[in-house]
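Dear colleague,

Please find below the structure I promised to hand over. My account of its side-chain interactions follows directly after it.

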Amino acid sequence: MNKLKAVILAAGKGTRMNSDLPKVLHECLGQSMVHHVIKAVEGADALDVCVIVGYKAKEVKDAIYDIVQFVEQEEQLGTGHAVKCAKDFIGTEGDTIVVCGDTPLITADTLKALVELHRKEANGATVLSAILEDATGYGRIIRDADGNFVKIVEQKDGTEEELAVNEVNSGMYVFNSEALSASLELLSNDNAAGEYYLTDTIALIKRIGLKVSAMPLTGDAVDEIRGVNTPEQLKEAEEIMMNRGQ
């Protein structure tokens with residue numbers, strides 16, 4: 001059986017939550033957001049889970065009672081840098097799910113479907129995307145005339161035509177572990193923010209000749225990609241979770 005691991009990004013402070021509590025520890029229906037994410041990756045059959053911690057790392061570690069490994073990101077230098085901190089955990093075997101600790105609505109079923117597509121197509125990377133009525137603020141998924149994945153374009157870098165696209169990047173992926181490890185070594189922070197972006201690994205994986213595709217969520221399922229950045233968004237996530245009967 002092909003080994004499956006998961007990396008959860010949970011190093012951020014979450015300044016817009018207006019609280020000293022690390023963002024991923026805010027509770028959604030009585031459980032921390034990161035706990036919901038851990039349960040989703042475990043439900044998708046990830047055998048090993050690594051949580052990347054940073055802001056108030058000890059507090060986050062102490063609050064997580066699930067059986068996981070931890071890696072500390074001492075400086076917040078972008079999502080690519082966060083995942084690179086876990087490169088020993090990722091290794092070169094099987095596949096690795098990468099998700100965010102502030103997306104409590106993601107489900108095991110969706111992650112399972114993403115892994116299945118990834119393996120069926122023998123992809124280097126598979127992006128979870130969503131079709132949104134209003135795509136403002138999200139990176140866009142650009143496809144060619146035949147519907148094949150071409151690239152991810154960030155909001156600030158998109159042309160007018162690219163920004164008219166309503167398929168967005170959720171920030172959740174499945175990678176071939178070997179391809180991810182190789183691309184992390186090649187990441188550069190030569191950009192306006194001086195950060196290492198995880199999305200750049202997608203372009204690098206394509207460049208070495210591996211296939212990348214995106215699996216779009218539609219309808220009510222698009223709620224699963226919602227990241228929680230504010231108390232208002234946390235309340236909305238709780239309402240969605242209650243309506244699901246969780």
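In this predicted model, the count of aromatic pairs comes to one. The partners are Tyr 173 and Phe 175, whose ring centres lie 5.5 Å apart with the planes at 40°, so the pair is classed as tilted. Planes under 30 degrees apart would count as stacked and those over 60 as edge-to-face, so an angle between these limits gives the tilted class. Both Tyr 173 and Phe 175 are buried. Another ring, that of Phe 89, has the charged end of Lys 5 over it, 5.4 Å from the ring centre.

As for charged pairs, the structure contains 15 salt bridges. One of them joins Glu 72 to Lys 61, with the closest N and O atoms 4.0 Å apart. Glu 72 belongs to strand S5 (residues 69–72) and Lys 61 to helix H2 (residues 57–63), so this pair ties together parts eleven residues apart in sequence. Glu 72 is partly exposed at a relative accessible area of 39%, and Lys 61 is also partly exposed, at 32%.

A further salt bridge connects Lys 151 and Glu 162, at 3.3 Å from N to O. Here strand S9 (residues 149–153) holds Lys 151 and helix H6 (residues 160–163) holds Glu 162, so parts eleven residues apart in sequence are tied together. Lys 151 is partly exposed, at 37%, whereas Glu 162 is buried, at 15%.

Within helix H9 (residues 231–244), Glu 239 and Lys 235 are four residues apart, or about one helical turn. Their side chains meet in a salt bridge of 3.5 Å, N to O. Glu 239 is partly exposed, with 41% relative accessibility, while Lys 235 is exposed, with 53%. Finally, a network of salt bridges links Lys 39, Glu 42 and Asp 66.

Yours sincerely

Definitions and conventions. Residues numbered from 1 in each chain as written. Predicted model: local features only at pLDDT ≥ 70, side-chain atom pairs only at ≥ 80, totals over all residues. Heavy atoms only, no water. Phe/Tyr/Trp six-rings, centres within 6.5 Å; stacked < 30°, edge-to-face > 60°. Buried < 20%, exposed > 50% of the residue type's maximum accessible area, 1.4 Å probe, protein only. Lys NZ or Arg CZ within 6 Å of the ring centre and 35° of its normal. Helix = DSSP H or I, 4+ residues; strand = E, 2+ residues; numbered from the N terminus.
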